[in-house]
Amino acid sequence: AFFSLSPADIISTVEFNHTGELLATGDKGGRVVIFQREPESKNEPYNQGEYNVYSTFQSHEPEFDYLKSLEIEEKINKIKWLPQQNAAHSLLSTNDKTIKLWKITERDKRPEGYNLKDEEGKLKDLSTVTSLQVPVLKPMDLMVEVTPRRIFANGHTYHVNSISVNSDCETYMSADDLRINLWHLAITDRSFNIVDIKPANMEDLTEVITASEFHPHHCNLFVYSSSKGSLRLCDMRASALCDKHSKLYEEPEDPSNRSFFSEIISSVSDVKFSHSGRYMLTRDYLTVKVWDLNMETKPVETYQVHDYLRSKLCSLYENDCIFDKFECAWNGSDSVIMTGAYNNFFRMFDRNTKRDVTLEASRESSKPRAILKPRRVCVGGKRRKDDISVDSLDFTKKILHTAWHPTENIIAIAATNNLYIFQDKVNSEMH
Amino acid sequence: MGEEEGLPQTQLLDTMFVRGLKRKCFDGEEDIEGTLAGIKAIPSYNLQRQSLLDMSLVKLQLCHMLVEPNLCRSVLIANTVRQIQEEMTQDGIWQMINSQSSGQASLDRLVSTDILCRSSREQAEGKHLPGCGTFSKDFEGDQAQGSSETMSTTSSVQAPRNLQGNVWDMESPQENKGNFQKSLDQIFETLENKSPSSVEDLFSEVDNSYYDLDTMLTGMMSSTKMGHCDGLETFSSPANAAPNSNCKSDLNELDHIVEIFVES
């Protein structure tokens, strides 16, 4: 199945909730759009499991920092769902500075038969009231209400790049370029700083935090990645300020590939724990890597996303594409990993078969219920029909944000301002 | 910004940089004549490294916008600049260059992308010291002809200067290195403070050593203070710009004219 919509703005984040029933997207205009999966029904087999718009709301507005004379963008950087604890759904959304907790509730009944008020809410003339009645709940059209429950402001001097909910469901962390804060979901006027890599002298700054995440099972462990390509696993039990990592994961540089761009392309743009909690997945400019938590010296697996760009690094530096931050994702069973690339291509790597595939998210090549055709980028040499040459790749069409359903083979791909949702019924996409 | 636009002038840089730091024989002390004679169709490593340095500095300057600049990007670019600077230092080039007048140095140091694409024959002809180069694709398109002509004129004027001038792509000595480091520091301080005045300060400080390529391209006076190029800014559009005439006398004349206009 295939679903596409075109909001006016560029999608900046995509996230499934813990059951996969809901899919949230944030965009550059500060809006959040939530999709809900239609329940599968035997009556309409072709509507099985399609995602339709469930709710839309304005999460963040543009602000102006008068002290610095700078605008604060309303762009939603990240959305994270809280595990569902009652009938309501909750999510955290953040822009560069402020994190907000939103509660999403459904209303499908309303009380009727008040004694003192009439249907429209006007007070009744008491002389007309001759008997008492008990108001009853009558069904109404489903209404989805979204309310801001908490606003976690003034916690960050620098730009927030990640938020992550702890497995304890009570705390969460937010990371900016230089600091990571720990918040309690119920307390907005206070947060604990758990990582601070700001140097005493800003002139000495050479490394920033690029992403961070809590371990899915161990509520005391979290990881953060840096612009120098390293990962630091920290244990909050060890000390209050987790500047000293428990473990440092770093791969030594390959001297034969050394160039002025080595550091830039080693910068980790995203880090994700596997569902099992045994591995971490990182994305840098040209590769995705799987790290075993028990091995700090090098990744256990490395996959080339688009190695043909290695000879184009200077051009990509000039047009700033080298700074693009791609995300990565695990499938539910941690057997396949996915990440985006240019030309609206995205890549999937099967860790078991070692096979990989390149697919394209575009209107032209995707029709509802059609099977995605694998694409190929040719680097010279033999060129097959339908191959794209490296020089004709469109670098303005980048797939930075992707998400995988927690249990099923459903993926959400954000291509600029279009959202694509692909489902795999027959598990035949990997060739 | 299309990738197609970026490719032409940096294609050669890509070819060179993909190999990493495998430099050719133009090593520090070795010989300057060797450097010159060794230039073939592929531009020298030093030249390309200088281009990358200049490109990086432009990027750092241009990141002051309405919204707070991306700190990660700035840090990565600054680190790249430091890397290049360190390598240049290790090359020992610093010691080799006599201190030229700073105005001259600023002009000499910029590299025309035109040079990168120059044929070996042209290169063999002149002692092609660069005039003011730019990285702009537009500019290069317009100027390709003009600059190569003025190049040869310039180079003949410059030829007597000294052979050390042939290491034109190197930064001049410690003083500029100091300026340079100061620029980096200021960039980070600016990122910290973010007050408009510090942005101005940054520009004015850095411009003692470098062109603001952006303003030169548009031919408009910017709010930044320029070094010796004010006169050029006022009177030339990019198409007519004669930034390659780095004869001091021309500049002095233009400065003089500017002063008259300003006073009136």
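## A first look at the largest cavity and its surroundings

Let's start inside: 14 residues line the largest cavity, and those nearest its centre are A:Ser267, A:Ile322, A:Phe323, A:Asp324 and A:Lys325. Keep in mind that this is a predicted model. Its scores are ipTM 0.90 and pTM 0.70. Below is a quick tour of the cavity, of chain B, and of a few residues in chain A.

**The cavities**

- Searching the whole structure turns up twelve cavities of 30 Å³ or more.
- The largest cavity has a volume of about 120 Å³.
- Which element gives the largest share of the lining of that cavity? Helix H4 of chain B (residues 71-90) does, with three residues.
- Sorted by class, the lining of the largest cavity is made up of seven nonpolar, four charged and three polar residues.

- You'll find A:Phe323 in a loop of chain A, between helix H2 (313-318) and strand S23 (328-330).
- Is A:Phe323 buried or exposed? A:Phe323 counts as buried because its relative accessibility is 14%, and the cut-off for buried is under 20%.
- Leaving out residues up to four places away in sequence, A:Phe323 touches A:Ile264 and A:Tyr317 in chain A, plus B:Arg73, B:Leu76 and B:Ile77 in chain B.
- A:Phe323 and A:Glu71 are 252 residues apart along the chain, and 21 Å separates their C-alpha atoms.

**Chain B: helices and confidence**

- Of its 264 residues, 54% count as buried.
- Take contacts in chain B between residues at least 6 apart in sequence: 71% of them join residues at least 24 apart.
- Now for the confidence: pLDDT in chain B averages 50, and 17% of the residues score at least 70.
- Over residues 1-9 of chain B, pLDDT stays under 50, and the model has 20 contacts beyond four places in sequence for this stretch.
- Residues 194-247 of chain B also stay under 50 in pLDDT, with 115 contacts beyond four places in sequence in the model.

**Cysteines**

- A disulfide is a covalent bond between the sulfur atoms of two cysteines.
- How many disulfides are there over all chains? The count comes to zero.
- Take A:Cys169, which is in no disulfide: the nearest cysteine sulfur belongs to A:Cys219 and is 10.0 Å away, whereas a disulfide needs the sulfur atoms within 2.5 Å.
- A:Cys169 is partly exposed, because its relative accessible area is 26%.
- A:Cys234 has a relative accessible area of 0%, so it is buried.

- Most residues other than glycine have a negative phi.
- A:Asn343 has a phi near 60 degrees, a positive value in a residue other than glycine.
- That residue, A:Asn343, sits in the loop between strand S24 (336-340) and strand S25 (345-350) of chain A, and with a relative accessible area of 9% A:Asn343 is buried.
- A:Thr416 is not a glycine, yet its phi is positive at about 55 degrees.
- Where is A:Thr416? A:Thr416 lies in the chain A loop between strand S30 (410-415) and strand S31 (418-423).
- A:Thr416 has a relative accessible area of 31%, so it counts as partly exposed.

How values were computed: Residues numbered from 1 in each chain as written. Chains lettered and ligands numbered in written order. Predicted model: local features only at pLDDT ≥ 70, side-chain atom pairs only at ≥ 80, totals over all residues. Heavy atoms only, no water. 1 Å grid on protein atoms, 1.4 Å probe; cavity = no way out; pocket = protein on both sides within 12 Å on 5 of 7 lines; lining within 4 Å. Points joined across faces, edges and corners; volume = space filled by probe spheres on them. Helix = DSSP H or I, 4+ residues; strand = E, 2+ residues; numbered from the N terminus. Nonpolar A, V, L, I, M, F, W, Y, C, P; charged D, E, K, R; others polar. Buried < 20%, exposed > 50% of the residue type's maximum accessible area, 1.4 Å probe, protein only. Contact = heavy atoms within 4.5 Å. pLDDT = per-residue confidence, 0-100.
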